[in-house]
Every structure is written in structure tokens, then in C-alpha cells.
Amino acid sequence: MFKWMWPLAALMVLSSCVGPGADKPPFDPIETPPPPPVEGALAAGVEPGPAFRSLRIAPADAAAALGAFRTSCDWASQKEDASGLTRPGDWLPTCTAALRWEGDALTFFETYFETARIGSGEAFATGYFEPEILGSRTRRPGYDVPVYRMPDDLVRALPADMPESEREGRPPLGRYDENGDFVSYYTRAEIEDGALAGRGLEIAWAADAVEMFFLQIQGSGLLRLPDGTRMRIGYAGQNGRGYTGIGGLMRERGLLGDGPGQYPGSMQGIVQYLNENPVAGKALMRENESWIFFRELDTSGPLGSLGVPVTRENSVAVDPRFVPYGAPVVLDMDRDVADGMWVAQDTGGAIKGANRFDTFWGNGPGRGGDAREIAGGMSARGNALVLLPKGTVARLNGR
């Protein structure tokens with residue numbers, strides 16, 4: 001851990017894995033910290049952090065972060081910052097310099113950024129990854145799980161079809177039935193039972209229903225085709241039904257834990273239960289009524305919320321109310337594998353509050369082991385600093 005780490009209270013080891021994305025459902029942590037009582041970074045408080053050079057960032061880590069930061073510059077310098085910390089113009093000099101920079105990455109960050117602590121700075125981090133499962137572009141023996149594209153009848157309600165008290169909000173997702181009435185869209189169970197069959201919506205077929213369930217939760221992934229090639233699929237939409245985390249249900253029902261007959265409280269433990277109890281496992285998965293639709297991607301990696309590919313060990317999902325999209329983040333956690341520089345390029349349904357992060361680990365071996373194992377078991381506490389263009393903290397504090 002870095003030199004700037006300060007003491008924390010007793011640590012609670014939690015296991016989680018979430019899938020990032022503005023509308024995508026998370027794979028719920030078995031336990032999560034209580035929701036924050038504040039609405040954004042300014043309410044949480046912003047204080048200057050230590051000098052960047054005192055953080056002892058590895059040169060290779062800084063270089064990788066600079067590469068990721070460059071891909072985010074269009075967003076940071078052109079879009080409104082939901083956290084209220086920065087303005088698009090704050091990023092223009094930094095991004096211009098980043099695109100032209102040919103020197104040492106550590107010097108770049110030291111020159112153009114200052115560290116900031118949001119609230120207490122005490123952080124909680126989980127992990128996500130890009131699953132790779134067996135699939136086929138066409139249905140064949142052993143490949144029976146449909147991967148659907150967005151159906152044309154999945155739409156948002158017209159204002160006239162919404163209750164008057166709800167017309168100020170975003171219209172709900174659903175469909176218009178044969179009578180022209182707006183109704184909720186099909187549930188996971190209804191889709192699995194064939195509600196969309198025969199409509200030509202299949203873009204591929206997966207070999208394993210449990211693996212496909214978790215790929216949906218991650219929001220993107222790779223299908224390893226019979227000829228050895230890979231097909232990358234990404235999030236296209238969701239059926240509008242509420243997400244129910246099966247990890248939390250299993251904990252409530254005494255299925256997860258350290259006792260006799262219980263399964264480990266991690267993604268691996270949940271997968272083990274589903275595979276060893278196929279009937280009960282299928283019923284459990286159906287309690288999560290949310291269903292994810294996909295599209296084929298031709299990108300170098302899965303797309304994050306900024307519309308750019310997220311990269312292994314560089315990209316992190318954040319709550320954009322507390323961290324500007326595109327901002328570098330420095331983590332110092334009790335899981336050393338998560339220490340270092342990350343860039344805020346994604347978000348997720350479970351990533352809420354100040355200093356809540358979800359680290360991306362790619363789809364294969366990386367530092368510290370296999371992506372799936374690291375992400376599935378990542379549950380770290382520590383501290384976080386956000387890097388902002390120089391002068392931002394003083395401006396925010398009226399100095």
C-alpha cells in the first residue's frame with residue numbers, strides 16, 4: 001500500500017462483482033455499505049490531497065493511465081460534469097497537452113493535475129471483468145441459449161399513457177399490447193419460456209445458461225465460437241424490469257456463508273450453487289426479472305459509459321455525481337492488486353456514492369491472476385484520491 005495510507009477502522013471483508021453501465025443491472029455485492037446521505041461531490045466536501053509525487057506511482061502504471069486518459073478527453077472537455085467539480089474548459093489545456101505529450105507520464109500528471117479528497121476519502125472497491133463463454137452464431141447441438149438483440153416492440157411509454165403524477169420523469173420501458181395498451185415488457189421467465197422465439201432476434205446462441213446469466217450481469221462479453229474465433233457482444237438495452245441480485249437472496253436464505261452446507265460468499269460460490277442445483281438455481285435466476293439485450297461489437301474491448309473501450313487494469317467505474325468522467329483516480333486499498341492509477345470511464349447500477357469504485361480486470365490473465373477470479377473476489381477497502389486539473393480545488397473552495 002502507498003505511503004499516504006492512513007489508519008482505518010476494522011475492515012469487513014465483502015465479496016462482490018458488479019457490471020458497469022448507465023442502465024445495466026449490477027451483480028449485487030453480498031453486503032454493501034449504507035447509501036450515502038449526500039447527493040454529490042460538492043455536498044460531500046472536496047479537500048486538497050497530498051502532492052502527486054508523494055504517492056510513489058510506478059512509471060508503467062502512470063503511462064498506462066495516460067493512455068486511458070487520452071481516450072476520455074473528448075468526453076471530459078465537451079460534456080457537462082455531473083459531479084459539479086469541473087467545467088469542460090478546465091480539461092482543455094490538460095487534454096491538449098495529453099494528446100501531444102511524449103515525455104514521462106509521471107511528469108505529465110504532476111504538471112497538469114492536483115489530488116483531491118472527496119469527503120473522507122475512505123473507499124470501497126469491487127471488480128468486474130469481461131466474461132468469455134462458449135457460443136455460436138447459429139443454433140446447433142449444445143448451443144441452445146438465445147442471445148437476443150433489442151426487439152422493436154420494446155419502447156418507452158408515450159406521455160399520455162403515463163400516470164399524470166409521473167409525467168415529469170423518464171417514461172418507463174414496456175410494450176403496447178394487441179389492444180394498444182401500454183404494459184410492462186416480458187420478464188426473464190417469460191423470455192426464457194419463449195416470448196421472443198420465432199421473431200429472428202437471435203444474434204447468437206450460448207452453450208450454458210448460467211454463464212449467459214452472468215454475462216448479462218456483466219453487460220458485455222466474448223463468445224468463443226466453434227471455429228476458435230471470438231465474437232464480442234455489448235449491452236444494447238434492458239427490458240425495463242427491476243433487477244434483483246441473487247447474491248443477496250442467497251444470503252437471506254442462508255445459502256451463503258462459512259457454515260456446513262453453505263457456499264462461499266463470492267461469485268464463484270454462487271455459480272457453484274447454480275450448477276449443483278439446476279432446478280432451484282433456474283428458479284432463483286428467474287427471480288431477477290431483468291433481461292439484457294446485446295449487439296455485436298467490433299471494438300478492441302467492451303464499451304464503457306463514455307462510449308470508449310474500457311481496458312484491463314486501467315478503467316474504473318464510478319458514480320459520476322462524485323467523480324468526473326475521464327478523471328484519473330488513485331486507489332490505495334487493502335487488496336494491493338487494486339492499488340495504483342485508474343481512469344473513470346464507466347459506471348454501474350451498484351456504484352453509488354463517494355469513493356465507490358468498480359475496477360475492470362479484462363478477460364484473461366493479468367497482474368495478480370485470472371480476471372474472473374480477481375473480479376469475482378474483489379472487495380477492498382482503503383482510500384481514494386481524484387486527480388483534477390490544477391486550480392480546481394482552490395476554485396471550489398473560494399480560494
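Arg139 is exposed, with a relative accessible area of 54%; exposed means over 50%, buried under 20%, and partly exposed in between, computed with a 1.4 Å probe on protein chains only. The model is predicted, so local features need pLDDT of at least 70 and side-chain atom pairs count only at pLDDT 80 or more, while totals for chains, interfaces and linings use all residues. Residues are numbered from 1 along each chain as its sequence is written, and side-chain values use heavy atoms, with hydrogens and water left out.

The side chain of Arg139 forms a salt bridge with that of Asp144, at 3.5 Å from N to O. A salt bridge here is a side-chain nitrogen of Lys or Arg within 4 Å of a carboxyl oxygen of Asp or Glu. Side chains of opposite charge can pair when their charged atoms come close. Asp144 is partly exposed, at 44%.

A second salt bridge joins Glu287 and Arg253, with 2.8 Å between the closest N and O atoms. This pair links distant parts of the chain, 34 residues apart: Glu287 sits in the loop between helix H9 (278–286) and strand S12 (292–297), and Arg253 in the loop between helix H7 (246–252) and helix H8 (267–276). Helices (H or I, at least four residues) and strands (E, at least two) are DSSP runs numbered from the N terminus. Glu287 is partly exposed at 34%, and Arg253 is partly exposed at 46%.

Arg321 and Asp319 also form a salt bridge, their closest N and O atoms lying 2.7 Å apart. Asp319 is buried, at 3% relative accessibility, whereas Arg321 is partly exposed, at 33%.

Salt bridges also link Arg53, Asp104 and Glu110 in a network. The model has 16 salt bridges by this rule.
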